[in-house]
Amino acid sequence: MSACFTEDMLLSFSEQKLSDADASAVSAHLDGCSDCRIIVSELARGQTEAHVNEPERPLVRGSALGRYLVLEQIGAGGMGVVYAAYDPDLDRRVALKLLRHAGGEKQRARLVREARAMARLSHPNVAPVFGVETLGDRVFVVMEFIVGENARRWAREERTAAEVLDVFVQAGRGLEAAHHAGIVHRDFKPDNMMVRPNGRVSVLDFGLARPAGEGAPGVEVERPASPSSLTETGTVMGTFAYMPPEQRLGLPTDARADQYAFCVSLHEVLYGAPPTEAPKRTPKVGAVVTRVLARGLQPDAAARFPDMQALLVELERARAPARRWGWAVAAAAALGSVAVAGALLGGAEPCAGGEAEVARAWGTEQREAVARAFAAGGTSPDAIRAALDGYRAKWVGAQREACEATRVKGVQSEELLDRRMLCLGARKAALGATARALASGGPSLQRAPLAVAQLPLIDDCADARWLLEAVPPPSDAATRAKLAEVRERLATVNALTELGRVDEGTPLAAAVVAEARQLGYAPLLAEALESQVDLLRWGLETTPIEVAAWHGVQAALQSRDDRLQARAWLNLGDVVGTIMRRPAEGHHLLDVAKTAIDALEAPGLLEAGWYRSTGKLLEIEGDAEAAIASFHQALERYSSDPRTPRGVETWVWRRIAINHQWARQHDLAETAARKAVELAEKDVTGASQLDIALSTLADALRSKHDYEGARSTLARSLALSRKSGSTRRVAINLMTLGELERDAGDLARAEDWFLQLAACAEQLPDPNPYFAQALGLLGSVQLLRKDTATAVRTLTKSVSLFDRFGLQNDLETVPFRLSLVEAELAAAERALAEPRLEHVLGVLGAAKADAKVLAQPRFHAARLAWQTGKRPLAVQLATTALAASAGEEHGEISDWLSKHAAGR
Amino acid sequence: MASLDEQFAKAQSAWPGVELAREDFEAWLEGRDAKHADELYLACACVKGVPRAHETFEARYFGDLRSLGRFGSDAFIDDVKQELRQRLFFGVNGKPKLEEYGGKGALKQWLAAVATRVALNLKRTHNDERFASLDGDDGLFELPLDEAGPELGHMKEHYRAEFKKAFAEALATLDVEARTYLRQYYLDGLGLVQLAKLYGSSAPTVSRRLSAARAKLLEATRAVLSQRLKVTKVELESILRLIESRLSADALGGR
């Protein structure tokens with residue numbers, strides 16, 4: 001072993017700062033020296049896990065913080081120090097709030113999340129947060145450097161009540177907007193309201209006032225002698241005098257805490273003293289203001305106004321007579337634009353074009369066309385029409401809001417406006433494409449509500465950080481036009497997919513992917529590939545799905561869009577694990593997906609999707625219990641999210657039922673299946689899932705020997721599936737019927753059902769594992785009926801079909817393989833039976849020993865192994881099976897063992 | 001690049017109360033990377049025994065050593081700290097370890113490297129058993145097979161020696177990097193993202209390389225074993241599958 005390298009060298013190696021020659025020398029050393037290797041691993045870990053325990057050091061003028069140059073300290077508070085700084089890139093002055101170390105990764109992540117949420121919030125009365133940056137393990141928030149004075153200083157001059165109310169109504173609007181975005185201020189006070197020279201008020205320091213170590217807002221406070229002595233310094237986490245009782249006590253607080261602080265502040269500025277002290281002034285305010293204050297200052301949060309908006313409506317009333325013209329003119333002057341004043345005073349509105357624009361995607365013409373299509377199908381279009389109208393209204397609101405932020409209020413950059421409009425354009429295209437696809441009618445209308453529910457979220461277009469982080473869209477007009485066109489076509493692909501019109505969608509998707517690739521705009525390509533994967537999932541060929549999913553990951557990585565990346569990894573993990581049936585690798589990829597999802601601020605349904613995919617992988621691996629746990633995790637997230645697509649929960653409950661059944665937990669299986677049926681029944685469009693849910697329930701009942709219940713459930717299910725015209729669904733029902741009669745002991749009827757099943761399954765397109773399964777079931781019953789020769793033929797065909805589909809080692813095929821071995825032994829075909837048994841034993845050996853699913857096959861294998869003379873192995877197998885078995889099965893195995901184990 | 005005066009002023013204000021002579025600082029920067037001038041200032045002050053330097057160093061950097069928790073208890077970390085004090089400030093033979101810090105990276109990271117080495121040495125002298133699994137490739141072989149059921153546990157016990165040998169031979173057939181990848185992934189518990197960052201590569205690439213290395217390792221083990229062992233093909237397959245499943249699932253962590 002070569003001598004160890006210095007820590008300096010290892011550090012340079014881990015930061016990739018070495019020359020190639022040095023690096024390979026270190027590499028070679030790491031191979032033989034576990035100490036150095038562990039050190040490098042620790043360094044690699046350290047670079048991703050920052051530790052936060054640094055004592056603060058004040059920054060001096062001229063020091064650099066990231067790309068910013070510190071100018072001077074302008075304040076310090078509980079959550080950190082504020083510096084004025086210069087941003088050389090944008091040539092502007094900014095305020096940097098260097099956050100106090102937040103005690104741990106989690107707390108820090110929360111601070112970052114909140115600051116990011118603030119950065120997304122664009123409102124004239126909220127001080128703009130440009131971003132949040134991390135430097136090593138320090139976090140700082142970059143904010144607008146506001147010229148002006150805080151409301152406390154502002155109030156030192158004589159102010160009329162009307163002026164005070166105007167300032168507070170503005171500040172209240174800022175709070176209201178933040179509350180809507182889910183952010184609570186928790187330290188609102190006059191010091192945090194900046195009044196600009198033009199009269200506009202901006203609220204500062206949202207959501208940052210929490211003690212470092214705790215999730216709950218703070219009780220770690222210093223009580224100031226009087227409010228006026230409250231300076232910017234000190235370690236106050238939320239300021240005592242402004243805190244409602246619940247916050248002082250450290251109880252959970254919500255937006256209503258801000259209402260209380262708002263009213264204390266208003267009282268203080270109006271009367272020159274907080275509500276607890278004698279007033280120093282007697283302003284002319286009406287009874288309305290007194291009432292507002294009294295209600296907002298209620299110690300019991302429930303007794304206050306329901307929200308800021310309700311409070312402001314009241315306050316506006318107090319202000320109304322004094323306002324009149326003054327408001328519009330003052331606002332216009334504040335914005336410093338004559339054109340805007342004209343607009344406000346009744347001229348043309350600069351942002352009113354949205355309504356007309358979206359009407360081209362979903363307007364009178366489209367409404368009528370869709371109504372005609374539904375009429376032809378004999379169903380009512382009302383629900384769909386209402387949903388699309390709602391989407392359209394939301395779009396118009398978002399379009400206006402985006403436009404006004406730049407054109408009227410001047411609080412948003414042109415660049416951001418551009419991206420928001422592109423984002424909205426994509427949503428308009430999706431609306432138009434869905435409308436067109438619906439208008440062309442057909443049986444797919446059944447899936448219409450699903451398609452509408454899957455329309456891309458409009459709220460995403462207000463997400464500034466997300467929009468700005470992605471690669472910039474091309475700037476030349478020709479490429480942009482082409483981009484819009486491809487987007488339009490992509491929207492059509494998505495609409496067709498959601499409606500299940502795979503044959504039309506597939507060629508179009510391929511074309512769109514090619515076009516997107518040619519345009520070279522990664523985000524669009526990533527989306528196109530995602531859509532292609534969704535479409536290919538409906539088909540039967542698997543390899544192209546994996547290829548598309550890998551390409552999707554590549555494009556998503558290039559797009560720099562973290563949501564696309566998370567989705568792409570998840571998609572890939574799911575495809576590799578469940579479709580390609582390589583669960584180990586699937587878990588691997590889902591690991592990466594989890595990292596990506598965890599890094600998202602708003603993972604939305606992706607977490608649920610992750611648990612769903614993980615559950616599927618675990619199910620394939622035969623780990624029913626872990627699968628069930630993962631499915632429950634998914635459900636927890638689905639059920640609390642209004643955006644959950646229809647039918648997903650039904651699907652998950654069904655999988656839970658099936659896994660319980662495999663784990664021989666029949667009561668739990670029945671409960672879960674009933675839950676699936678209940679959900680499917682509630683879903684008005686749910687005809688599509690109800691039959692499958694019913695057949696799952698029937699299966700659960702069958703396992704509990706409730707044959708009558710199972711039969712009647714199946715009758716209903718079979719009728720539904722015949723009506724749906726889906727061969728696959730009819731097949732599932734026939735299968736359950738056959739299994740039911742087999743278990744009930746009526747082998748003749750079972751064989752009859754399975755014959756019907758085989759005939760039905762044979763119609764499905766190749767490669768057709770359903771047909772192989774049907775033959776397997778049929779053969780197993782023939783074996784039970786002692787029709788050995790026929791059973792061998794049927795089962796041989798089944799197994800060779802499975803093999804042809806590459807399912808040699810698939811656990812689900814094991815029972816059929818064992819049946820074939822048994823049939824071959826019965827037919828005295830030992831030469832065929834023995835190698836086949838060897839193979840099955842290998843597959844079983846590779847599977848988890850405690851998998852309840854495998855108890856029965858293992859026991860079956862044990863009996864066959866015994867029969868072929870492998871007695872010790874047989875006993876071992878049965879012992880393993882016994883440990884994982886339950887109920888009557890357990891008894892059966894232990895009986896067998898007591899008879900055979902002794903005599904081996 | 002800032003002038004020496006600026007660097008000195010900045011470093012001075014970075015460590016209030018630690019007064020290093022300007023000429024000492026200047027001489028110290030010689031041959032070191034001035035990018036981390038502040039940290040070199042403190043390192044020099046510690047070596048020169050400037051008043052309050054040691055306390056300042058400990059206050060600033062020793063807190064981070066909590067990350068060594070994966071090697072042992074708080075008491076163990078205290079031992080590591082004690083040993084570090086000795087080595088960093090005074091040295092084992094009069095040459096303080098901090099002299100070696102050349103400013104190639106952040107002092108905090110450098111210290112993490114030194115501390116890890118100290119921790120490993122201490123573990124070794126304590127003859128800690130948990131450590132043994134980190135040490136050699138035994139750890140790779142010893143990935144738990146116990147849950148796998150009685151029959152396979154038995155086989156592993158039975159063929160243990162042959163198996164270990166085959167495994168070691170197989171491991172030797174991999175290339176240096178593949179071996180290091182496997183060890184860092186399975187033994188040191190680095191994630192895909194961390195590995196990708198370490199080797200300036202991407203997570204999918206790392207994932208593919210790991211899979212390839214694992215496949216090759218198993219293939220080679222299979223080849224060696226089937227030559228040497230007289231187990232039936234089924235038994236051999238079972239054992240290998242078992243290792244494969246452990247390598248791919250459990251060692252992935254989180255399951």
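This report looks at some salt bridges in chain A and one helix crossing in chain B of a predicted model.

## Salt bridges overall

Let's start with the charged pairs. Searching the whole structure turns up 58 salt bridges over all chains.

## A buried pair across chain A

A:Arg152 and A:Glu268 make a salt bridge, with 2.6 Å between the closest N and O atoms. This one reaches between distant parts of the chain: A:Arg152 sits in helix H5 (residues 151-154) of chain A, while A:Glu268 belongs to helix H8 (residues 256-271) of chain A, putting the two 116 residues apart. As for burial, both A:Arg152 and A:Glu268 are buried.

## H19 meets H21

Next up is A:Arg487, whose side chain pairs with that of A:Glu527 in a salt bridge at 3.8 Å, N to O. A:Arg487 is part of helix H19 (residues 477-498) of chain A and A:Glu527 is part of helix H21 (residues 522-536) of chain A, so this pair ties together parts that are 40 residues apart in sequence.

A:Arg487 has a relative accessible area of 17%, so it counts as buried, the cut-off being under 20%. A:Glu527 comes in at 27%, which means it is partly exposed.

Through salt bridges with shared partners, A:Asp699 and A:Arg702 are joined with A:Glu739, A:Arg742 and A:Asp743 in one network.

## A helix crossing in chain B

Over in chain B, helix H1 (residues 4-14) and helix H3 (residues 37-48) have axes that come within 9 Å and cross at roughly 65°. Angles of 65 to 115 degrees count as roughly perpendicular, so that label applies to H1(B) and H3(B). The crossing of these two helices, H1(B) and H3(B), is right-handed.

Which residues do the touching? On the H1(B) side they are B:Gln7, B:Phe8, B:Lys10, B:Ala11, B:Gln12 and B:Ala14, and they meet B:Ala37, B:Asp38 and B:Tyr41 of H3(B).

Methods: Residues are numbered from 1 along each chain as its sequence is written. Chains are lettered from A and ligands numbered from 1 in the order in which they are written. This is a predicted model: local features need pLDDT of at least 70, side-chain atom pairs count only at pLDDT 80 or more; totals for chains, interfaces and linings use all residues. Side-chain values use heavy atoms; hydrogens and water are left out. A salt bridge is a side-chain nitrogen of Lys or Arg within 4 Å of a carboxyl oxygen of Asp or Glu. Helices (H or I, at least four residues) and strands (E, at least two) are DSSP runs, numbered from the N terminus. Buried means under 20% relative accessible area, exposed over 50%, partly exposed in between (1.4 Å probe, protein chains only). Axes are lines fitted to C-alpha atoms, for helices over the stretch in contact, and angles run from 0 to 180 degrees between N-to-C directions. Angles under 35 degrees count as roughly parallel, over 145 as roughly antiparallel, 65 to 115 as roughly perpendicular and the rest as oblique. A crossing is left-handed if the near helix is turned anticlockwise from the far one by less than a right angle, and right-handed if clockwise. Contact means heavy atoms within 4.5 Å.
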